[in-house]
Amino acid sequence: MATHTEQLTRPAVRLRGLTRSFDDRTVLDAIDLDLPAGQFTALLGHSGSGKSTLLRAVAGLDHEVAGSGRLTAPETVSVVFQDSRLLPWRRVLANVLLGIEGNEAAHRARAALAEVGLAGREEAWPSELSGGEAQRAALARSLVREPELLLADEPFGALDALTRIRMHVLLRELWERHRPSVLLVTHDVDEAIVLADRVLVLDQGRIGLDLTIDRPHPRSYRDPLLGEYRERLLTALGVTEDHK
Amino acid sequence: MTTGAPPAVGGAADIDAPDLNAPDIAAVEETPQVRRRRRLSPGKRLPASRLVGPVLVLALWAVASAAGRLDPAAVPAPWTVLETGVRLWTDGTLTTDILTSLRRAGSGFAIGLTAGVALALAAGLSRAGEALIDGTVQLNRAIPTLGLIPLFILWLGIGETFKIAIIAIVVYIPVYLNTHAALAGIDSRFVELAEVQGLSGFQFVRQIVVPGALPGFFVGLRLGVTGSWLGLVVLEQINATNGLGYLMFQAQNYGQSDVILVGLVVYGVFGLVSDSAVRLVERRVLSWRRTLSS
């Protein structure tokens, strides 16, 4: 436990004055942010609020975006996208192995697939998987690299409600076991409250609200104490009482 | 049809108690029988259906020849064609001509295929390559390749080199166009994935670019195979002193329609075998797609 607390004090991601703009429209406006190592953070915002831009900047994927500011992130970063992005011409195991080599890599990939509940589907083609299974395979692909930082860009947005709840449980379990820093981008307030220990609201290119959710896990959607957090987040997102 | 007969309840109720038992009739009216819709698709495929047409044509040809309704000088009987084929094969003329033709088509095809793939990769993977290559090939494509024959004879002489060069050009154009289009069409999300997973340039080409472009490549390959036979026929019938086309051209001069038909059959076998071979390889290599279509 002691080492864990110590880890929390060292930031995994550090943003200083991060600015990004598209065609003179400032999407991220001088953001300062520290994400402690091993913390599970959710980033909420409207569509178009720049939350994906922030994630892509941290992932180093914004090649042709104008911007300034300083940004430090760990060496090993994994990204889970909204679509599973499995290569259709590779079987599931080969997809998990994409980009890693070595003798024990296949062994680790099998273990990761078993961990997400896909043992036995190693030789299936991606087209044979359901949406939830494909996203599990994508999670296995990001885990097998043992990332220090896991970036997830609305990873459950394309799943049905029941599958989504199951994936929430799975993601939280995986985090408990591997303890990467997580930055989960979502527009689903309930998803953020149930999963994350800290929720950020991105509004007009700035962090509008930084909320620590101090409730034990596993959390239930029906926990009345979470309602208070939901209110505050919805208010920060500009959803007032008459909208609900 | 199993749906044709109405359920016993409906029929019995109507006949037995037309007026006495009103609630029963109401119940019948409430649950109308589902009538299966008329099928608009052609339905199940007949077994070996693709052979039916050709076999019928062959049979008609044989019957008409046997009945003496066809001029043997214009359309010889099927068995005459077979006899001529066997005769030409046994005296060695046909084998020599076939080998000559296969060598020409094969060399031209191999060169065209290599050039098409290499140019497509160069144009697809770098902006400089695209600037240099793509426009040039598009221009080349606008000129019908067979129109280059006179110029190539002047440049390369009337020997084998010019024939192989023409076939190579006929082949490389569809291979290039389709492979390049497939490369350009690779999903940018997969490129992003490759960056996230930290693939090297070589790994990216081998694991994402090549497999992603293969479907388009195979379309180009099949067009290229067809093109190589087409080029071969034209070249051999106008500018050759040996080969299958020359054999047919000579037969035309001597009025031997059976020899011409033998040549056509061989061409047909060439085309069929090569296309089937490409399809077989395609099915093997693109086995991941089968699960999508089935």
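## Where chain B meets chain A

Three salt bridges are counted between chain B and chain A. This is a predicted model. One of the salt bridges joins R85(A) to E192(B). In that pair, the closest N and O atoms are 2.8 Å apart.

Which elements of chain B give two or more residues to the side that touches chain A? They are α9 (188-196), α10 (201-238) and α13 (287-293) of chain B. The largest share comes from α9(B), with six residues. By class, this side of chain B has eight nonpolar, seven polar and three charged residues.

## How much the two chains bury

The contact draws 21 residues from chain A and 18 residues from chain B. The size of an interface is often given as the accessible area lost when the parts come together. Here, chain B and chain A bury about 2,000 Å² between them. Carbon and sulfur atoms account for 60% of that area.

Three residues of chain B stand out: V196(B), Q197(B) and W288(B). Together they supply 32% of the area that chain B buries against chain A. That is more than any other three residues.

## Two domains in chain A

Chain A is assigned two domains. Domain 1 is made of two stretches, 2-76 and 147-243. Domain 2 covers 85-143. Taken over C-alpha atoms, the centres of domain 1 of chain A and domain 2 of chain A are 25 Å apart.

The two domains touch. Twelve residues of domain 1 of chain A are in contact with nine residues of domain 2 of chain A. Between them, these domains bury about 970 Å², with 71% of it on carbon and sulfur atoms. On the side of domain 1 of chain A, M167(A), L170(A) and L174(A) lose the most area to domain 2 of chain A. These three make up 39% of what that side buries.

How many salt bridges are counted between domain 1 of chain A and domain 2 of chain A? The count is one salt bridge. A salt bridge joins the side chains of E115(A) and R177(A), at 2.5 Å from N to O.

Helix α6 (residues 161-178) of chain A gives the most to the side of domain 1 of chain A that touches domain 2 of chain A. The helix provides eight residues. By class, that side of domain 1 of chain A has eight nonpolar, two polar and two charged residues.

S101(B) sits in helix α5 (residues 93-125) of chain B. Is S101(B) buried or exposed? S101(B) counts as buried because its relative accessible area is 0%, below the 20% cut-off. Its side chain makes a polar contact with the side chain of E236(B), at 2.7 Å. A polar atom of the S101(B) side chain also lies 2.9 Å from the backbone nitrogen of L244(B). Beyond its neighbours within four places in sequence, S101(B) is in contact with L232(B), E236(B), G243(B) and L244(B).

In chain A, D223(A) lies in the loop between β9 (206-212) and α8 (224-236). D223(A) is buried too, with a relative accessible area of 16%. G17(A) is 206 residues from D223(A) along the chain, and their C-alpha atoms are separated by 37 Å.

Technical notes: Residues are numbered from 1 along each chain as its sequence is written. Chains are lettered from A and ligands numbered from 1 in the order in which they are written. This is a predicted model: local features need pLDDT of at least 70, side-chain atom pairs count only at pLDDT 80 or more; totals for chains, interfaces and linings use all residues. Side-chain values use heavy atoms; hydrogens and water are left out. Domain bounds come from an automatic or database domain assignment. Contact means heavy atoms within 4.5 Å. Buried area is the accessible area (1.4 Å probe) that two parts lose on being put together, summed over both. A salt bridge is a side-chain nitrogen of Lys or Arg within 4 Å of a carboxyl oxygen of Asp or Glu. Helices (H or I, at least four residues) and strands (E, at least two) are DSSP runs, numbered from the N terminus. Ala, Val, Leu, Ile, Met, Phe, Trp, Tyr, Cys and Pro count as nonpolar, Asp, Glu, Lys and Arg as charged, and the others, Gly among them, as polar. Buried means under 20% relative accessible area, exposed over 50%, partly exposed in between (1.4 Å probe, protein chains only). A polar contact is a pair of N or O atoms within 3.5 Å; within protein, one must be able to donate a hydrogen and the other to accept it, and residues adjacent in sequence count only if both atoms are side-chain atoms.
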